[in-house]
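Welcome, and please have a look at the model below. Then let us walk through some of its features together.

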Amino acid sequence: MPEKVLTNRDLESMIDTSDEWITTRTGIRQRHIVSVGENNSDLAVGASRAALEMAGVEASEIDLIIVGTLTPDMPMPSVACLVQRELGAGKAGAFDVSATCSGFLYSLSIADKFVRDNPSMKILVIGSEVLSRRTNWEDRTTCVLFADGAGAAVVTASDGDSGILSTCLHADGSVWDLLTIKGLGTAHPIDQELLSKGWQYIEMKGKDVFKHAVRALESVAHESMEKAGWNNDDLDLLIAHQANIRILDFLRERLNLPKEKVFINIDKYGNTSAASIPIALDEAWRSGRLKKGDNVLMISFGGGFTWAGVTMRW
Ligand code: ACO
């Protein structure tokens, strides 16, 4: 996480909002934000170094780097190439995956297929975002939600019964305009008109996104567990994209799960898009919430729309 913390109280002095509104509607109490000069690739490199150390793998052993992100440092080169250079992972191929908040699970699914095809491969999978630079800090309906951060995992083949059991990827481009950053691509010239419309920032129809998100997440949770051959009792921990506490509560009820089986850290980090699942996974593991042999279900939903589910035995 970037060091700088922005609390709800800080936001109260910036826009017309309150800690009470943000906490009850979203579950967020604070979020981390990059400082001047700090970029997506810096966060991605930090998370990668921690993941490599935890896995006991050298950067020079990595065959492929995949970064899920919607906020790259620049359109070209990819964040993955910048990470490759900084880590000195000379033999690794590198590319970014554009699947918004599902970027980490899409990337993890790709890594899973590569490793099944070639079990000697070691793949670095990263979710990394700097959403604070695509946030309109005068728009209270979005700026209280989004934040920055990164998480990473080293994916290798395993001999035992731990590992990825099922992956499910979905998208629905027919409602693309409910959650967008319209500018800064090639569709619109970057001119005064674009800037005055605020198209360089995230725009969201919050209520519509909410409705689509809960439907898709519930459905992909069932689909992923069914593919893995699990019923509800088999699940030890649900790690869902940390978008909104009310979405997480709704899912807990619909999936009939007790509180201790649903991991929540949105209060500390806000919505970090593709980074939220690896950040949560890391925290769950380090805090002992996730134990060896546990069955974990990861699900995500984001702009596009994209949604995804991955089950794994830890
Ligand atoms: N502080 C105070 N008041 C606010 C704020 C704020 N930060 N934001 C909005 N309001 C006001 C609105 O102006 C509105 O006032 P009005 O009734 O006078 O017009 C009132 O609060 C209610 O606004 P709604 O938009 O109806 O609030 P809602 O209950 O829908 O909550 C929210 C908004 C939290 C954004 C909700 O719609 C939501 O969570 N949607 C899902 C968004 C999401 O999870 N997106 C991420 C998924 S995809 C991804 O991660 C990229």
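This report covers a sheet, several charged pairs and a surface patch.

## About the model

Please keep in mind that this is a predicted model.

## The open sheet and its helix

Let us begin with an open sheet of 4 strands, which has mixed pairing and the order 7-12-11-10. Its edges are strand 7 (163-171) and strand 10 (237-240), each of which pairs on one side only. On average, and ignoring direction, neighbouring strands of the sheet are turned by 10° against each other.

Strand 10 runs parallel to its partner, strand 11 (residues 295-302), and the two share 4 bridges.

Side chains of opposite charge can pair when their charged atoms come close. The structure holds 14 salt bridges. One of them joins the side chains of R140 and D16, at 3.6 Å from N to O. This pair links distant parts of the chain, 124 residues apart: R140 belongs to helix 6 (residues 140-143), while D16 sits in the loop between helix 1 (8-12) and helix 2 (19-26). R140 has a relative accessible area of 45%, so it counts as partly exposed, whereas D16 is exposed because its value is 60%, over the 50% cut-off.

A salt bridge also joins the side chains of K182 and E203, with 3.2 Å from N to O. Here the partners are 21 residues apart, with K182 in the loop between strand 8 (179-180) and helix 7, and E203 in strand 9 (residues 203-204). Both are partly exposed, K182 at 26% and E203 at 28%.

R252 and D249 form a salt bridge whose closest N and O atoms are 3.7 Å apart. Both residues lie in helix 9 (residues 245-254), about one turn of the helix apart. R252 counts as buried because its relative accessibility is 18%, under the 20% cut-off. D249, at 28%, is partly exposed.

R9, E12 and D19 are linked in a network of salt bridges.

## A nonpolar patch

On the surface, L184, I190 and L195 make up a nonpolar patch, and their accessible area together is about 250 Å². L195 belongs to helix 7 (residues 192-197) and is partly exposed, with 36% relative accessibility.

Terms used:
Residues numbered from 1 in each chain as written. Predicted model: local features only at pLDDT ≥ 70, side-chain atom pairs only at ≥ 80, totals over all residues. Heavy atoms only, no water. Patch = residues over 30% accessible without salt bridge, like charges linked within 9 Å, V, L, I, M, F, W, Y side chains within 5 Å. Areas by Shrake-Rupley, 256 points an atom, 1.4 Å probe, with all protein chains shown as cover. Salt bridge = Lys/Arg side-chain N within 4 Å of Asp/Glu carboxyl O. Buried < 20%, exposed > 50% of the residue type's maximum accessible area, 1.4 Å probe, protein only. Pairing = 2+ DSSP bridges. Axes fitted to C-alpha atoms, helices over the stretch in contact; angles between N-to-C directions.
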